[in-house]
Amino acid sequence: MADSAWAPTSASAIPTTAVPARHSGVVRVTHWVTALSFLVLLVTGVEILISHPRFYWGETGNVLTPALFKLPIPASRHTFPTGYGYVLPDQNGWSRYLHFQAAWVAVLTGLFYVIFGVLTGHFRRNLLPARADLSWRKLSTLLAEHLRFTRADEAGAWSYNVLQRLTYLFVIFVLFPLVIWTGLAMSPAIAAAFPIVVTVLGGQQSARTIHFFVSVFLFIFLLVHVGMVWRAGFRNRMRAMIGGRPASRR
Amino acid sequence: MNHFSRRKLITAAAVAGGASGLAAAAGLARRYGLIPPDGKGIYGPGETLTYAAQRLLTRHALAREFAPSQISKTPFANEVDPLGDEFQRLQEAGFADWRLAVDGLVARPASFSIPEIKSFPRRSQITHLACEEGWSYIAEWIGTPLFHILDAVGTLPQARYVIYRSIQPDVWESIDMADALHPQTLIAHGMNGDELPVKFGGPLRLRVPRQLGYKSVKYINRLTIADDLKRFGKGLGSSSPEAGYAWYAGI
């Protein structure tokens with residue numbers, strides 16, 4: 001995988017020190033496969049959701065029972081009362097086929113990534129924050145810098161700061177597992193075989209509601225993530241995540 | 001350099017292992033009937049993975065049964081297309097002439113009236129019904145486990161699927177023998193301690209509690225036992241894939 005890049009890229013490159021890869025091949029491939037499957041899951045998930053944009057808590061819920069909340073959007077089924085007077089095109093069939101297929105891609109890629117990350121020390125080296133960085137003072141200084149939109153310095157392109165590390169760890173080890181778990185909990189066959197998967201969440205409608213909120217969090221993460229990449233220098237960060245290296249180290 | 005070569009080794013081993021694992025899995029899936037009838041085409045890999053994984057992990061699992069206090073006060077039923085003159089005629093006669101025909105790979109093809117269906121051992125279960133749209137309810141279902149009917153007609157050993165049809169034109173489904181012989185798969189004729197209302201599929205509905213609601217077809221009047229689904233409809237297993245929905249709905 002991109003061995004040739006170990007040689008200096010040009011004669012004018014920094015002498016003696018070769019530019020190391022910012023992201024390993026596995027990180028780059030799994031990143032883009034996950035990104036693509038997540039986008040597919042998002043679009044198809046919205047398509048599935050609009051057939052019944054109402055949420056409940058517990059085991060059951062339908063239009064005749066009180067909702068926990070309701071999204072103020074039209075629906076794709078005429079049996080669902082929205083008050084809008086029109087029905088969106090129904091795309092549920094292929095959306096469901098594609099949602100579950102993309103879920104398999106995301107889950108298998110995620111499993112591969114996590115096993116790789118543990119075995120090669122990727123999590124320990126690149127994502128686990130240093131104990132010294134976990135003080136409130138350091139975290140709040142960094143957070144304030146972020147909120148003032150202070151541009152990352154050049155070192156920031158080569159290593160993640162503690163806020164990034166914590167965010168990525170949260171997404172990888174909390175949000176993704178939770179969205180997979182709540183997705184599985186909606187399956188009648190899984191609920192039959194492993195009832196605890198459902199009962200711990202409070203029921204199948206609770207699972208659906210949590211699935212929705214975790215997806216919203218993941219979507220917000222995606223927006224902030226892309227915004228930060230944009231802010232930090234879109235071209236260079238994209239180069240690093242596609243080819244492995246930013247354009248130059250200057 | 002050391003950890004880089006180690007990482008490459010791990011990656012290469014994982015990729016090689018994954019590829020040969022996939023090939024072996026595909027072979028095994030074919031051999032053990034783990035490929036669903038709609039397992040071809042662009043969504044085939046996902047459908048096959050889901051069906052195969054769930055058949056391996058959940059074949060004998062029992063759907064959760066709930067307490068009477070958990071029965072939904074307001075069950076919901078989607079509208080169906082107008083049921084037609086024949087249904088109306090049968091309904092006006094109190095479904096006295098409703099028949100459930102059983103044919104295909106059976107030793108003794110038969111046709112059962114509703115009282116005959118009710119004379120089989122009865123099972124009552126309080127289970128969850130979820131629609132693919134996202135809504136759900138819990139109800140008590142009373143009926144005859146399908147395996148009693150299959151025993152009565154003498155299913156031949158090569159049987160692999162049970163096809164069931166609604167009186168509604170072009171509404172038909174099928175399940176594999178794992179679901180057909182499952183103790184909770186019912187020819188339901190009652191709901192919540194009463195007769196099964198027409199709105200919820202009366203007089204007879206096939207209840208498959210380990211799959212989504214659309215597999216529980218209403219107004220069934222014919223069962224066909226088959227070894228292959230290719231000869232039926234467009235060969236995708238049921239009318240759902242023909243309308244764009246997955247054949248296997250255990251998700």
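Colleague: Among contacts in chain B between residues at least 6 apart in sequence, what share joins residues at least 24 apart?
Modeller: That share is 66%. Two residues are in contact if their C-beta atoms, placed from the backbone, lie within 7 Å.

Colleague: What should I know about the source and numbering?
Modeller: This is a predicted model: local features need pLDDT of at least 70, side-chain atom pairs count only at pLDDT 80 or more, and totals for chains, interfaces and linings use all residues. Residues are numbered from 1 along each chain as its sequence is written, while chains are lettered from A and ligands numbered from 1 in the order in which they are written.

Colleague: How many helices and strands are in chain B?
Modeller: Seven helices and ten strands. They are DSSP runs numbered from the N terminus: helices are H or I with at least four residues, strands E with at least two.

Colleague: What percentage of chain B counts as buried?
Modeller: 43% of its 251 residues. Buried means 20 or more other C-beta atoms within 10 Å of the residue's own, with C-beta atoms placed from the backbone.

Colleague: Why is strand β7 of chain B largely enclosed?
Modeller: Because five of its six residues, 186-191, are buried.

Colleague: Which strands pair with β7(B)?
Modeller: Strand β4 (residues 136-145) of chain B does, antiparallel, over five bridges. There, B:W141 stands opposite B:M191. Strand β9 (residues 205-207) of chain B is also antiparallel to β7(B), with three bridges; B:R207 partners B:L186. Pairing takes at least two DSSP bridges between two strands.

Colleague: What is in the turn between β7(B) and β8(B)?
Modeller: Two residues separate the strands of this hairpin. B:N192 in the turn has a positive phi of about 50 degrees.

Colleague: Switching to the core. Which residues touch the most other members of the largest one?
Modeller: B:L100, B:V162, B:Y164, B:I187, B:I220 and B:L223, out of 61 residues. A nonpolar core is a set of buried Ala, Val, Leu, Ile, Met, Phe, Trp, Tyr and Cys residues joined through C-beta atoms within 7 Å.

Colleague: Which element gives this core its largest share?
Modeller: Helix α2 (residues 92-120) of chain A, with six residues. Another core of 14 residues lies apart from it, including A:F176 and A:L201.

Colleague: And helix α4 of chain A, how many of its residues are buried?
Modeller: Zero of twelve, so hardly covered. A:F149 follows α4(A) and has a positive phi, near 60 degrees.
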